[in-house]
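Open your viewer and get ready to click along. We will go from stop to stop, selecting a few things at each one.

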Amino acid sequence: MKLIRKIVDLNKALAQEKGLGFVPTMGGLHKGHVSLINISKKRCKKTLVSIFVNPSQFNSKKDYKTYPRNLNKDIKLLKKLKIDYLFIPSVDQIYGKKKLNKILLKKSQKILCAKFRKGHFEGVIDVLDRLTNIIRPKIIWMGEKDYQQFFLVRNFIEKKYKTKVNVCKTIRDSNKAALSTRNFLLNAHNLKIAGTIAGELFKLKKLIKKNIKDKNLIKKASHNLIKKFNIKIEYLECRNLINLSKKIKKHNFKLFVAYYLSGIRLIDNF
Ligand code: AMP
């Protein structure tokens with residue numbers, strides 16, 4: 001595994017690479033990241049992983065500062081996984097010189113997380129634009145866990161580059177909670193609650209599928225979840241799988257949730 005920190009070195013190393021698989025991460029690696037890396041290793045000639053906690057996608061300085069980081073452990077894990085390249089740029093390397101076009105979301109895209117985390121996806125798209133511009137991968141691998149992120153990034157990147165953006169299924173704990181770096185901020189009790197909530201939402205999705213016209217199911221479920229688990233729900237809503245509109249049918253929707261569990265913001269979809 002080649003560990004690279006500077007863009008000039010990356011350019012040299014990648015000069016001859018054509019079929020590169022790219023897994024962008026913010027570190028704090030877990031089995032969700034590992035599954036993306038393994039798929040990339042299987043399907044691409046070579047695999048590059050980046051670790052970059054991108055300041056421009058955080059809404060608050062405190063959230064950026066407290067985001068779990070574990071660089072030494074991550075590097076050890078990636079060595080074991082035998083990836084080809086690990087890119088760990090500094091903020092200055094990514095944002096130093098080059099100005100790219102300013103990213104603006106359309107009004108119709110300001111839904112779900114985009115509605116509640118102002119500027120978040122603009123930051124995500126901007127950094128992936130910069131990274132793709134440098135790396136020029138054949139395929140970017142992203143997680144279904146962050147479906148809206150995948151949806152917006154694919155839309156942007158596939159229009160601008162030859163790169164394809166592929167999605168991989170969400171990896172869950174044995175208790176059904178979606179793996180997430182933010183789970184490191186939860187204690188064992190709250191991790192268990194996150195699993196129970198995921199279980200309830202799997203059931204809710206089945207119920208909605210059977211009663212697709214019943215608009216009250218979500219309202220009732222929200223009310224029950226808040227009462228039972230003392231959580232703050234930011235959104236709980238169904239969206240069309242293909243275009244994220246509110247027009248859904250039995251077989252083409254996902255249930256999206258964002259909630260705060262003892263001050264930690266978690267997202268998932270079913
Ligand atoms: P992050 O480090 O949180 O920015 O995530 C890097 C990539 O891993 C993103 O494409 C995420 O969607 C993906 N990812 C995060 N958690 C999971 C999970 N539980 N299952 C599958 N992919 C995941």
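This tour visits the ligand and then the space around it.

A note before we start: this is a predicted model, where local features need pLDDT of at least 70 and side-chain atom pairs count only at pLDDT 80 or more, while totals for chains, interfaces and linings use all residues. Residues are numbered from 1 along each chain as its sequence is written, and side-chain values use heavy atoms, with hydrogens and water left out.

**Stop 1: polar contacts.** These are pairs of N or O atoms within 3.5 Å. Click Asp146: a polar atom of its side chain lies 2.6 Å from a ligand oxygen. Next, pick Ile171, where a backbone N or O atom is 2.9 Å from a nitrogen atom of the ligand. At Leu179, a backbone N or O atom lies 2.8 Å from a nitrogen atom of the ligand.

**Stop 2: the largest cavity.** Which cavity does the ligand's space correspond to? The ligand takes up the space of the largest cavity. A cavity is a set of points, on a 1 Å grid over the protein atoms alone, where a 1.4 Å probe fits but cannot get out. Its lining residues, which have an atom within 4 Å of a point, number 47 here, and Met26, Tyr67, Lys145, Asp146 and Gln149 are the closest to its centre.

Notes. A polar contact is a pair of N or O atoms within 3.5 Å; within protein, one must be able to donate a hydrogen and the other to accept it, and residues adjacent in sequence count only if both atoms are side-chain atoms. On a 1 Å grid over the protein atoms alone, a cavity is a set of points where a 1.4 Å probe fits but cannot get out, and a pocket is an open set with protein on both sides within 12 Å along at least five of seven lines; lining residues have an atom within 4 Å of a point. A molecule sits in a cavity or pocket if more than half of its atoms lie within 2 Å of its grid points.
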